[in-house]
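Dear colleague,

I am passing on the structure we spoke about, with the sequence alongside. Please open it before you read on.

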Amino acid sequence: MSAIACGGPDSASLPAVLEDMALDLAGAVPPEFAHVHRVLPWRFEAGELVLLAAEAPEFELSERANELGFALGRPVQLVGTNADALTAAIARHYGTSGAPRPGPESQAGTPTESKGCDPARPVGQGAEVVDLVADTLAAAVRRRASDIHFEPFDQDFKIRYRIDGVLHDVASPGPEIGAAVSSRIKVLAGLDIAERRVAQDGRIRLAIDGREIDFRVSTLPTLFGESVVLRVLDAAAIQLELPQLGLPPGVLAGIRDVIGRPHGIFIVTGPTGSGKTTTLYSCLRELNVTEVKVLTVEDPVEYELEGVMQVGVNPVAGLSFASALRSFLRQDPDVIMVGEIRDLETAQIAIQAALTGHLVLTTLHTNDAAGAVTRLLDMGVEPFLLAATLEGVLAQRLVRRRCLRCQLPDLAEPAAQCPECDGAGFRGRLGIYELLLVNEEIRELLARREPVERIRDAARKNGMRPLAVAADEVVRSGLTTRAEVLKHL
């Protein structure tokens, strides 16, 4: 796939070499790629693209040549040269911002042919990798997958989709292709393909079937290579309106009452993957009007909401939930969304915001609504402050919805021919909800730090339907199965 060459031009001769280099050859490597990986196309030699790179030991250049070749989808040679001169040359031909300079017969950013070879066209094994990644991502979107898993093993390389919360094997291309696939994904996400020892996070935006799809990328070094997981963020497939979430009428009315108040805290709780962020986004869509300023701090920002000021946490730069919240209070917001309360400092600032006239929406990881109270008290939140600011807690789960097309009577024998669910017996998911509304009785219990059982009993007297009751109603309606519900409660 890729080759290695040594003995490139030295610092003194590099400017002259580059002076003779055809400017349109810069189109063989995308500008961002050249800047991130510090390489410069030099010439074509025996059908291979020769790139200049900073001088390094031969084994390092050899490894980089293989990775860059897979990433670019073509045979590559690397030639080592002076690092400072190379940096200046990259800036000269691509500019300091990553935009290529136009040549005498080409426009900026337009790949052109050089010496009879189309640099934009992948060839050989690289083309297969490029096509495999593209087809895998597109198929995931069409099958409504929420996540794509690329998993390297000793004797295998698996690709799996998570559809309606359940993982499905979709391909096993073989272990020899794993490194190439991870490199291709890392290039699309703007990650460092030469770094395999630490986890990395990035983002990809692609046009699939005429709409823009975002993929959140996470890489993790494992025993047999890099595990890569992509979260599929398809705004068109996500219902971001409260009435479309399948909330029972009483729960919908209760949520609207809470988020319609001028201040206080509203918490959505549940395990990972239970749809908490979607519920909060739906609340923000209702609150996002001209008269209201909305700020969010998230880890990371999943969907872009028009008219909402969204901030992604950046621990490396010192931007945490707590530090962002402090800054928010100086931005004159009306509504604040905190992606998750993870520590006492964040909880205290959220409470301060609620006390000073702001509506705060946030999430916690607890098993039920009353458990959110215990979690905050265990963090160290003062009971009287929690009693003064907490307005409501929504606990939720997502369970798979039975396929309406095949209506399987016995899921032990799935209808393999059903085109709607691919034989799974389920298509789509529905929510199960438990809403705790804080009244005066519950505030008194909170202030006295009464046991969670007493708070739960008071909430039930106040009209809260426990998750188990809501789940039983969904099962009796035929929308899902008892076995499916038991996996989530």
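This is a predicted model: local features need pLDDT of at least 70, side-chain atom pairs count only at pLDDT 80 or more; totals for chains, interfaces and linings use all residues.

Residues are numbered from 1 along each chain as its sequence is written, and side-chain values use heavy atoms, with hydrogens and water left out.

Six strands, in the order β7-β6-β5-β10-β9-β8, make up an open sheet with antiparallel pairing (strands are DSSP runs of E of at least two residues, and helices runs of H or I of at least four, numbered from the N terminus; two strands pair if DSSP finds at least two bridges between them). At the edges lie β7 (166-171) and β8 (200-208), each of which pairs on one side only, and the twist from one strand to the next averages 25° (axes are lines fitted to C-alpha atoms, for helices over the stretch in contact, and angles run from 0 to 180 degrees between N-to-C directions).

Strand β5 (residues 145-152) and strand β10 (residues 225-233) are joined by four bridges in the antiparallel sense, and Asp147 stands opposite Arg231 in β10. Helix α6 (residues 178-188) packs on the sheet, where it touches β5, β6 (157-163), β8, β9 (211-222) and β10 (contact means heavy atoms within 4.5 Å).

Finally, the axes of helix α13 (residues 440-447) and helix α14 (residues 452-461) come within 10 Å and cross at roughly 175°, which means that α13 is roughly antiparallel to α14 (the term applies to angles over 145 degrees; under 35 is roughly parallel, 65 to 115 roughly perpendicular and the rest oblique). Glu441, Ile442, Leu445 and Leu446 in α13 meet Arg454, Ile455, Ala458 and Ala459 in α14.

Best wishes
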